[in-house]
Every structure is written in structure tokens, then in C-alpha cells.
Amino acid sequence: MSALTLTLKTPPALRVDASGIAPELLYGLTSGEVARLTLSLGNQSVPVGDLFAVTGDDPAEIHLRGVTGKFDFLGRGMKRGRLNIEGDAGAYLGRGMSGGEIVLSGHAGPWAATAVSGGRMKIAGDAGEGLGGALPEDRYGMNGGMVIVGGNAGSRAGDRMRRGIIAIAGHAGGYAGSRLIAGTLMVMG
């Protein structure tokens, strides 16, 4: 078995809800079946195969190649496995993640690692505002797990964080750790 690899054909003009791309959602599917799954592109549904060339067959390790910041919700609700993202991620990277590992080679958009309760996330570049924080409808921010950022983070990193670890190699924007309840927020810039 080889890793399931999705290589972007052409960057989309509209935002994509990529929450259907997570290891536990693709177990038992062939590459042809994965290509026929649909994602929301703006107000339309498009097959994964229209956006990506799909190869490999092992969803325990998924490689996304060439993705842009227009792909939101990558790794949403992830419970196991590994998601390697070559490129940038849009908003809500790893939202609700409880296990597994996400490795991003580029930058993450706003609200990465919200509602995370476990697992591990590595962001090589910068992270947008609200990293590991709480969305308006959430009572708490990050509640477990670990996030490592190689660059800077935007404002409100760790807002209402309950548990877990966030390590930022660069600088953090204003209100970092605001309303932090517990957990660890390290800013080394």
C-alpha cells in the first residue's frame, strides 16, 4: 500500500470546504472512490477528482500537494492517521481534531486548531489569528493536543485555551493567551 496522494490540478477561484479529507473518512475507499467524493466549492459540489489527481490507496497517510489558502477545514475532526499538506491551508485547519498528526509546509489561515482535544499539528510557516482559540460559539479554545508553529501567529493565539501546548517560534499578535484557563502557550520571538 502507498500513501493516498492528492495533487492539485488547478488552483480554485473560490473557497473549498475540504472537511471531507481526513484519514478516518477515507478508510476502505479506493483511489477511484475518493476521486468521486464531493467537496463544496463556493455554492457548488465538485468531485475530488475534478480538483486533484488521486493516486495511492492508504488513507492512514494522506499527502496533499500544491494546495492553497483557499482550502478550509483541512483535517476537520481528525481522529487518527497523518495528513501532510504541501502548500498553505485556509481557515479552520484541524478544527475539532482529537488525534493523529497534521504537518503543514506553508502558512495556516485563521482559527487553526480550534476545538482541538488531542493530536499534534506542525505548521512550518505563520498561523493566522485565533490559533488554538475559541470561536464565538465555543465555550473553550484548545482542550488538549500540541501545536508547533515555525513562524509567527496572529492575534488571540490561545484565547480561552483549556489544556494542551502551543509553541510559537516567532512572534504572536495582540492578546496572546487572553482568557487562558490552563495549558501552555510559549512564544519565543
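Four strands make up an open sheet with mixed pairing, in the order E4-E3-E2-E7; strands here are DSSP runs of E with at least two residues, helices are runs of H or I with at least four, and both are numbered from the N terminus. Two strands count as paired if DSSP finds at least two bridges between them. At the edges of this sheet are strand E4 (44-47) and E7, each pairing on one side only. Strand E3 (residues 38-41) and E4 run antiparallel and are joined by four bridges, and Ser40 stands opposite Ser45 in E4.

A word on the basis of all this: the model is a predicted one, in which local features need pLDDT of at least 70 and side-chain atom pairs count only at pLDDT 80 or more, while totals for chains, interfaces and linings use all residues. Residues are numbered from 1 along each chain as its sequence is written, and side-chain values use heavy atoms, with hydrogens and water left out.

There is also an open sheet of nine strands, again with mixed pairing, and its order is E5-E1-E6-E8-E9-E10-E11-E12-E13. E5 and strand E13 (184-187) stand at the edges with a single partner strand each, so one side of each has no neighbour in the sheet. From one strand to the next, the twist averages 10°, taken between axes that are lines fitted to C-alpha atoms (for helices over the stretch in contact), with angles running from 0 to 180 degrees between N-to-C directions.

Some of the pairings can be followed residue by residue. Strand E1 (residues 3-8) runs parallel to strand E6 (residues 58-67), with five bridges between them, and Leu4 stands opposite Ile62 in E6. E1 runs antiparallel to E5, joined by four bridges; here Thr7 has Ala53 in E5 as its bridge partner. Further along, five bridges join strand E11 (residues 143-149) to strand E12 (residues 163-168), and these two run parallel. In this pairing Met146 stands opposite Ile165 in E12. As a general point, side chains in a regular strand alternate between the two faces of the sheet.

Next come the aromatic rings. A search of the whole structure turns up two aromatic pairs, where rings of Phe, Tyr and Trp (its six-membered ring) pair if their centres lie within 6.5 Å, and planes under 30 degrees apart count as stacked, over 60 as edge-to-face and the rest as tilted. Phe52 and Phe71 have ring centres 5.5 Å apart and planes at 50°, so this pair is tilted. It ties together distant parts of the chain, with Phe52 in strand E5 (residues 52-55) and Phe71 in strand E7 (residues 71-72), 19 residues apart. Both Phe52 and Phe71 are buried, where buried means under 20% relative accessible area, exposed over 50%, and partly exposed in between (1.4 Å probe, protein chains only).

Phe73 and Tyr92 form a stacked pair, at 4.7 Å centre to centre and with 10° between the planes. This one links distant parts of the chain too: Phe73 is in the loop between E7 and strand E8 (82-87), Tyr92 in the loop between E8 and strand E9 (101-104), and they are 19 residues apart. Phe73 is buried, at a relative accessible area of 17%, whereas Tyr92 is partly exposed at 23%. Tyr92 also has a positive phi of about 65°, although it is not a glycine.

Charges sit over rings as well, meaning that NZ of Lys or CZ of Arg is within 6 Å of the ring centre and within 35 degrees of the ring normal. Arg76 lies over the face of Phe73, at 4.6 Å from the ring centre, and Arg162 has its charged end over the ring of Tyr140, 4.7 Å from its centre.

The largest nonpolar core has 45 residues, of which Phe52, Leu64, Leu93, Ile123 and Leu131 touch the most other members; such a core is a set of buried Ala, Val, Leu, Ile, Met, Phe, Trp, Tyr and Cys residues joined through side-chain atoms within 4.5 Å. Neighbours within four places in sequence aside, Leu93 is in contact (heavy atoms within 4.5 Å) with residues including Leu74, Ile85, Trp111, Met121 and Ile123.

Arg156, in the loop between E11 and E12, has a positive phi of about 60° without being a glycine, and is partly exposed at a relative accessible area of 31%. Arg36 lies in helix H2 (residues 31-36) and is exposed, with a relative accessible area of 59%.
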